[in-house]
Amino acid sequence: MPFELTIFEKNYSSWSLRPWLLLVKTGAPFREVLLRPSDPDFRQVLAERSPSGKVPVLADGTVLVWESLAIAEYLAERYPAAKLWPDAADARAHARAISAEMHAGLAELRRQCPMNLARRGPIALDPATRRDVERFSAIVAETRARFGAGGPYLFGSFTIADAMFAPVVTRVISYELPVSEVAKAYVQAMREDAAMDRFYREAAVELAGQAAQVSTATGPETAPGVDPRDQVPARARWAVIFHSQLVPSPDGYVDAADRMVELARAQPGFLGIASARGADGFGVTVSYWDSLDAIAAFRRVEAHAAVQARRADFYASYELHVARVERTRSFST
Ligand SMILES: N[C@@H](CCC(=O)N[C@@H](CS)C(=O)NCC(=O)O)C(=O)O
């Protein structure tokens with residue numbers, strides 16, 4: 001029976017990327033179960049498939065493995081020939097240390113730069129995020145110098161450590177993060193990896209498929225931070241409608257708006273966003289959520305409150321409405 005790997009949408013799910021890459025590297029046949037937060041029975045299916053209520057989850061017959069590092073260890077044991085850990089004991093210890101550090105750390109980088117494969121463009125980094133980016137460069141430099149001879153990956157050939165850092169690699173690309181030259185070369189090698197490239201391509205296909213089922217707001221100009229490929233899922237249940245008039249040349253607004261969209265995307269229960277703003281500074285943003293709780297939780301996010309505290313710097317006026325989505329229709333050519 002082939003493995004079954006339960007994951008979320010590839011464009012956004014950093015945790016899904018890691019075991020997916022490793023499964024591809026083993027060459028083992030596997031069936032992918034893709035869950036979308038916009039599916040009506042999403043919570044129920046997730047609860048049935050995952051003891052922790054999170055993805056990824058690997059099912060091997062009756063054996064169920066959740067947590068990405070545990071899945072990686074399981075695959076390394078099942079497929080010794082794939083050499084998912086380095087052979088030498090010192091390299092293996094180092095690989096385990098940096099993999100665990102990644103699994104438990106680099107939190108600010110993960111928070112400020114959520115994975116979004118379709119995104120391109122820099123943002124203003126918080127000091128703590130900058131430190132995480134520097135730590136990434138340092139890890140790559142040390143690991144490549146000590147163990148990297150023999151190939152372009154951290155330990156020469158592809159290992160679990162590369163899979164663990166793969167989502168950081170995508171963030172370096174998406175947010176054009178300032179990394180060292182050695183780290184840049186590593187990021188490029190990872191992006192060119194055949195399995196990684198397949199993940200990017202499949203993510204793009206999934207996004208395009210979503211776009212085909214949705215209705216899209218149009219306007220003279222896309223608001224800052226909103227990726228035009230982020231579309232509104234057909235089964236959204238709650239909408240937050242925000243219309244606003246900007247003050248002339250609001251200082252820092254573009255970064256703040258960009259940040260809000262990234263934060264929203266990282267929230268459980270976020271389904272999509274559509275936004276447009278005219279040259280006169282009047283704009284409408286509609287975000288879609290799976291519950292009122294999700295909207296309330298987003299309101300409580302600290303960074304959100306920080307932007308609200310600056311609202312007089314950005315807005316001459318705004319109105320915000322929370323509405324239930326009763327029906328959705330879509331059209332696309
Ligand atoms: N430590 C876990 C983290 C898994 C995780 O946070 N997964 C996210 C998706 S990328 C999730 O399932 N979130 C669902 C939720 O929080 O409702 C691992 O290594 O697998």
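My entries follow.

**Ground rules.** I'm working on a predicted model, where local features need pLDDT of at least 70, side-chain atom pairs count only at pLDDT 80 or more, and totals for chains, interfaces and linings use all residues. Residues are numbered from 1 along each chain as its sequence is written.

**Sheet.** I traced an open, antiparallel sheet of four strands, ordered β6-β7-β5-β8. Strands are DSSP E runs of at least two residues, helices H or I runs of at least four, numbered from the N terminus; strands pair if DSSP finds at least two bridges between them. β6 (270–277) and β8 (315–324) each have a single partner strand, so one side of each lacks a neighbour in the sheet. β5 (residues 238–246) is joined to β8 by nine bridges, and I found A239 opposite A323 in β8.

**Helix residue.** I picked V205, in helix α9 (residues 194–212). Is V205 buried or exposed? V205 is exposed, because 12 other C-beta atoms lie within 10 Å; the cut-offs are 12 or fewer for exposed, 20 or more for buried, partly exposed in between, with C-beta atoms placed from the backbone. I also noted that V205 and K10, 195 residues apart in sequence, are 9.7 Å apart C-alpha to C-alpha.
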